[in-house]
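Here are some notes for reading this structure with both chains in view. They go point by point, from each chain to the place where the chains meet.

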Amino acid sequence: MDGLAKAAVSCKNVVKVYDTGGDKVVALGGIDLEICMGELMMLVGPSGCGKTTLISVIAGILDQDSGSCEVFGKDLLLMRSSEKLKFRAKNIGFVFQAFNLLPSLNAVENVSIPLIINGVKRQTAERQAANVLEQVGLGKRGKSLPSQLSGGQQQRVAIARALVHDPRLIVCDEPTSALDHETGHNVMELLRQVALQRDRALVIVTHDARIFSFADRIAQMDDGHIEKVVDSAEYL
Amino acid sequence: MNHIALKMLMGDRGKYLGIIMGLTFASLIMTQQPAIFVGLMMRTFSFISDLGLPDIWVMDPKVQFVDDIKPLQDTKLYRVRGVSGVKWAMPLYKGLLKARLENGTFQTCNVIGLDDATLIGGPPVMLVGKLKDLRRSDGVIVDIDGATEKLAKRPMVPGGKPIPLKIGDTLELNDNRAIVVGIAKTTKTFQSQPVIYTTYSRAVRYAPRERKMLSFVLVKAMPGEDIPTLTRRIRKATGLAAYSRKEFIDLTWNYFMKNTGIPITFGTSVALGFIVGAAIAGQTFYNFTLENLRQFGVLKAMGASNWTLLRMILLQAILVGSIGYGLGVGLTALFGYATRNTILAFKFPWQLLAFGGAGVTLICIFAAIISIRKVIKLEPAIVFKG
């Protein structure tokens, strides 16, 4: 990467230890990682290596035990919980493996949630949500409930939800693992197109080797450590 | 977020209806059973409240409640009349006598004997005939419930409807002829026996002869006279018990509360209704929150504060509580309406609405608190678990 690119995320010696009833499990054993603006970074590695813990820390929904993790220059650990909530609501978008759409809300309503959390009025939020759904190719499915959509369509709704409030960092947890190859490919194309249009950063946790080529860089993790961070071409 | 909270609640139709049913049941039991209890208890003193004219009731000091008759000598009437501050004092007979029906069976009746001259103490509402008709020979006034049910004549055809008593029909009271001269509306009494009004002199003639026949002395105070003071004065001057209407009602109420199983029976029903309703509604609401925990986690991860989630849960609880309460009290009111012409005691004052509302609110608060606790403790990181 260009060494002058501004860092979106900067983790230094991040340690997270889980206490599982007397046993200590080191999930993150001193992680150093930098993700730049405009970069799509993938975290890969075997199950239990600490990928999900790391994106939880980066997204500010889990506190590390030591070390620092700055997102857009702010150390989330030093923020008050109300500040952190506001920061998360404004700056971070989420795409989950299981989509995590609210089943009783239709696509437009699901997509409008981040805006409503940010204090936007419902009608305005739904109008904006409908526009973003249009961008992800689901303009005509706005009134559909999640149960009426295919897996790929649900993930598109989830992506629209992650983008609607224009966050600067998008964290994705296995966004293609529940999808077939073609749909997964389409979803990644969409994420890359829409998410990286502006100065955003994307962090994707994945096991899916078929999508590695979409990454700018890949961080290989194992046993709570980052073994290497390389360009995707080099990794492949 | 209110819209999202309501959609989350109503999205799971089965759970939503389950919670509402639980709360409806609790609300129904918490209002219907006490309504019967209040209705029943009000019947215990209905005879006192039906008699609006006298200010003070004078009786034997050992009387414990309105149906606990301990007769006085007739001379006591004159002693009461002699107390200063008494505008008038009238005798009242109240006793249980057997009426022989035309089919040969007997029916116990509450016979009320009114002062022959003034007829003070008569029924509150005359439906047919006039109170003064009691002055006619052997005249009696029968309450409408007695006339149409227990004292009614045999049907013309087997299995047909009994024929209500009407003016001119005769009854036999303790081998004495009584002619119906009026039909009155009275509040049902606790024992639900037919009520027969007649004059004092005729009532004591119908009753088996005893040395003491006077049940109560009804007293009206002079204008401006302080009732508690006059009550004390009558007690002192006569050695009898004297109670204002409210005191006599309280005496009767307290007797039934302390000496019968009614409060325990109904209290148990209400408590069980509350517990079962709370258990059903609380458990279903809690399960509903548990099942939506992941959704709350998603909202939390996206930046929704605990306060926002708390408001969402409270709104859900308030909505199901209001609907359940409304349906419950509606059903209770419907029950009261459906049974209005039956023997069942039922009284639904506003206090019971408030009581039911408080009960349902408690259940909702309980259900919301256990749910909120879970949501507040929720780690948003669960959203990344598959």
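1. A residue is called buried here if 20 or more other C-beta atoms lie within 10 Å of its own C-beta, exposed if 12 or fewer do, and partly exposed in between. By this count, buried residues make up 42% of the 386 residues in chain B. In chain A the buried share is 48% of 236 residues. Please keep in mind throughout that this is a predicted model.

2. Take chain A as a whole. Chain A holds 7 helices and 10 strands. Its radius of gyration is 17 Å, close to the 18 Å that the globule rule gives for 236 residues, so chain A is as compact as a globular protein of that length. The C-alpha trace of chain A spans about 45 × 45 × 40 Å along its principal axes. Of the contacts in chain A between residues at least 6 apart in sequence, 69% join residues at least 24 apart.

3. Chain B can be described in the same terms. Chain B has 12 helices and 10 strands. Among contacts in chain B with a separation of 6 or more, 80% are between residues 24 or more positions apart.

4. How many residues of chain A are in contact with chain B? There are 25, and they meet 21 residues of chain B. On the chain A side, the elements that give two or more residues are α1 (51-58), α2 (81-91) and α3 (107-117). The most comes from α2(A), with 5 residues. By class, the chain A side divides into 15 nonpolar, 6 polar and 4 charged residues.

5. Is α3(A) mostly covered or mostly open? It is mostly covered, with 11 of its 11 residues buried. Among the buried residues are A:Glu109, A:Asn110 and A:Ser112, along with A:Val108, A:Leu115 and A:Ile116. The buried residues of α3(A) pack against α2, α4 (122-135) and α5 of chain A, and also against α1 (2-11) and α10 (293-301) of chain B. Just after α3(A), A:Gly119 takes a positive phi of about 90°.

6. Now look at how helices pack in pairs. Two packed helices are described by the angle between their axes and the distance between the axes. For α3(A) and α5(A), residues 151-163, the angle is about 30° and the axes are 7 Å apart. Angles under 35 degrees count as roughly parallel, so α3(A) is roughly parallel to α5(A). Their crossing is right-handed. From α3(A), the contact uses A:Ala107, A:Asn110, A:Val111, A:Ile113 and A:Pro114, and from α5(A) it uses A:Val157, A:Ala160 and A:Arg161. These residues divide into 6 nonpolar, 1 polar and 1 charged.

7. In chain B, helix α11 (residues 306-338) packs on helix α12 (residues 350-377) at an angle of about 150°, with the axes 9 Å apart. Angles over 145 degrees count as roughly antiparallel, so α11(B) is roughly antiparallel to α12(B). This crossing is right-handed. The contact includes B:Gly321, B:Gly324 and B:Gly328 of α11(B), and B:Gly356 and B:Gly357 of α12(B). By class, the contact of α11(B) with α12(B) has 16 nonpolar, 8 polar and no charged residues.

8. A further pair in chain B is helix α2 (residues 13-44) with helix α9 (residues 262-291). These two pack at an angle of about 170°, and their axes are 8 Å apart. That makes α2(B) roughly antiparallel to α9(B). The contact of α2(B) with α9(B) has 20 nonpolar, 7 polar and 1 charged residues.

9. Last, a single residue of chain A. Where is A:Val136 found? It is in the loop between α4 and α5 of chain A. A:Val136 counts as buried because it has 24 C-beta neighbours inside 10 Å. The C-alpha atoms of A:Val136 and A:Thr52 are separated by 26 Å, and the two residues are 84 residues apart along the chain.

Technical notes:
Residues are numbered from 1 along each chain as its sequence is written. Chains are lettered from A and ligands numbered from 1 in the order in which they are written. This is a predicted model: local features need pLDDT of at least 70, side-chain atom pairs count only at pLDDT 80 or more; totals for chains, interfaces and linings use all residues. Two residues are in contact if their C-beta atoms, placed from the backbone, lie within 7 Å. Helices (H or I, at least four residues) and strands (E, at least two) are DSSP runs, numbered from the N terminus. Ala, Val, Leu, Ile, Met, Phe, Trp, Tyr, Cys and Pro count as nonpolar, Asp, Glu, Lys and Arg as charged, and the others, Gly among them, as polar. Axes are lines fitted to C-alpha atoms, for helices over the stretch in contact, and angles run from 0 to 180 degrees between N-to-C directions. Angles under 35 degrees count as roughly parallel, over 145 as roughly antiparallel, 65 to 115 as roughly perpendicular and the rest as oblique. A crossing is left-handed if the near helix is turned anticlockwise from the far one by less than a right angle, and right-handed if clockwise. The radius of gyration is taken over C-alpha atoms; the globule rule is 2.2 Å times the number of residues to the power 0.38.
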